[in-house]
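Here is a short briefing to read alongside the model. Have the structure open as you go through the points.

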Amino acid sequence: MDRARTVSPGEPAEAGKKGASGAGVLLALLATVVWSGSFVATRGMADSVPPVQAVFWRWIIAGLAVAPFAARQAWQQRALIRRHFGFIALATFFGVALYNTLVHQAGLTTSASNMGMIMAASPVLMALYARLGGERLGLRRTFGLLLAAVGVLLLVGGGSPGLDVGAGDLWMFAAALSFATYSALLKRKPAELGGLAFLITTFVLGALMLAPAYAVSLSVQGGFDATAGTVGPLLYVGVFSSAVAFFAWNKAISVIGAARAGVVYYLQPVCVAVLGFWLIGERTGPAQLLCMALILGGVALGARR
């Protein structure tokens with residue numbers, strides 16, 4: 001009886017910690033699956049919507065989608081937003097304006113499967129940021145990250161160690177670096193700044209950052225036709241890939257950290273390959289399957305503590 005009473009007080013705290021960790025992993029997985037669909041949507045409208053215009057409308061739609069839930073909190077925390085505006089602007093630049101523009105630019109010249117697998121490099125960069133910040137990764141986790149990185153390098157080399165990188169692949173590498181930087185910055189988000197207030201502020205600010213480039217694109221390239229093939233993907237990337245996925249990802253990082261969330265993100269290539277085949281008929285060859293196996297092996301090792 002006495003022994004049972006001695007150990008029981010610690011059990012709820014431990015259970016709560018495990019529950020929060022599990023919820024964080026599930027949120028990271030939700031964001032990963034939804035973002036996988038955005039690569040397919042991006043590739044599907046690459047020939048009909050100029051990249052900058054697609055990203056600009058993405059954030060307009062995302063802002064409208066979260067406004068009913070986030071506007072009140074943002075107004076209540078306007079003083080906090082002004083105080084931390086420098087941090088918010090930096091996070092917006094890397095995670096909203098730059099990252100998504102690079103992804104849409106890559107979609108012009110590379111496949112959705114390649115986009116998803118190259119983005120698997122971003123968790124390696126997240127882990128490096130975490131290590132620079134003093135977090136210990138451990139031997140097994142480090143080996144898992146390196147194994148997944150080898151899979152990415154083999155992918156862009158067409159199944160061989162030599163690199164034969166196309167323009168779209170380079171754009172995606174730049175996107176991976178931008179997203180990893182954004183994820184690392186999220187660890188510095190002020191705790192008192194609400195998640196919804198932060199989210200809608202970055203969406204609005206991101207659209208404002210893109211407005212000059214949007215105006216140039218409109219005058220040089222012209223607009224695009226509003227059809228089911230353009231509006232549908234834009235609604236997906238605006239509502240789900242932006243409003244839903246960014247909220248889930250930001251929350252996941254606040255619970256389990258960028259490096260651990262990045263391990264979950266490694267599952268994205270598999271999701272993209274399945275969705276790419278199912279929705280737009282992209283086939284995955286033997287070399288890509290090998291790369292996928294290496295990436296998944298890295299996930300299995302990197303996810304273990």
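The chain holds 14 helices and 0 strands, where helices (H or I, at least four residues) and strands (E, at least two) are DSSP runs numbered from the N terminus. This is a predicted model, in which local features need pLDDT of at least 70 and side-chain atom pairs count only at pLDDT 80 or more, while totals for chains, interfaces and linings use all residues. Residues are numbered from 1 along each chain as its sequence is written, and side-chain values use heavy atoms, with hydrogens and water left out.

**The chain as a whole**
- Of its 305 residues, 49% count as buried; that means under 20% relative accessible area, with exposed over 50% and partly exposed in between (1.4 Å probe, protein chains only).
- Among contacts (heavy atoms within 4.5 Å) between residues at least 6 apart in sequence, 89% join residues at least 24 apart.
- The accessible surface comes to about 14200 Å², and 68% of that belongs to carbon and sulfur atoms; the areas come from the Shrake-Rupley method with a 1.4 Å probe, and for residues only the protein chains shown count as cover.

**Helix H11**
- Take a look at helix H11, residues 228-256, which bends by about 35° at Ala245; the bend is the angle between axes fitted to the seven residues ending there and the seven starting there.
- Just after H11 comes Gly257, with a positive phi of about 90°.
- Asn250 is found in H11 and is buried, at a relative accessible area of 13%.
- Leaving aside residues up to four places away in sequence, Asn250 touches Tyr182, Leu186, Phe198 and Leu199.

**Aromatic rings**
- A search of the whole structure finds 16 aromatic pairs: rings of Phe, Tyr and Trp (its six-membered ring) pair if their centres lie within 6.5 Å, and planes under 30 degrees apart count as stacked, over 60 as edge-to-face and the rest as tilted.
- One of them is the edge-to-face pair of Trp35 and Phe179, with 5.3 Å centre to centre and 85° between the planes.
- This pair links distant parts of the chain, with Trp35 in helix H2 (residues 10-44) and Phe179 in helix H9 (residues 167-186), 144 residues apart.
- Trp35 is buried at 1% relative accessible area, and Phe179 is buried at 0%.
- Trp35, Trp59, Tyr99, Phe179, Tyr182, Phe203, Phe246 and Trp249 form one aromatic cluster.

**Charges over rings**
- The charged end of Arg78 sits over the ring of Trp75, 4.0 Å from its centre; this requires NZ of Lys or CZ of Arg within 6 Å of the ring centre and within 35 degrees of the ring normal.
- Lys189 likewise has its charged end over the ring of Phe198, 5.9 Å from the centre.
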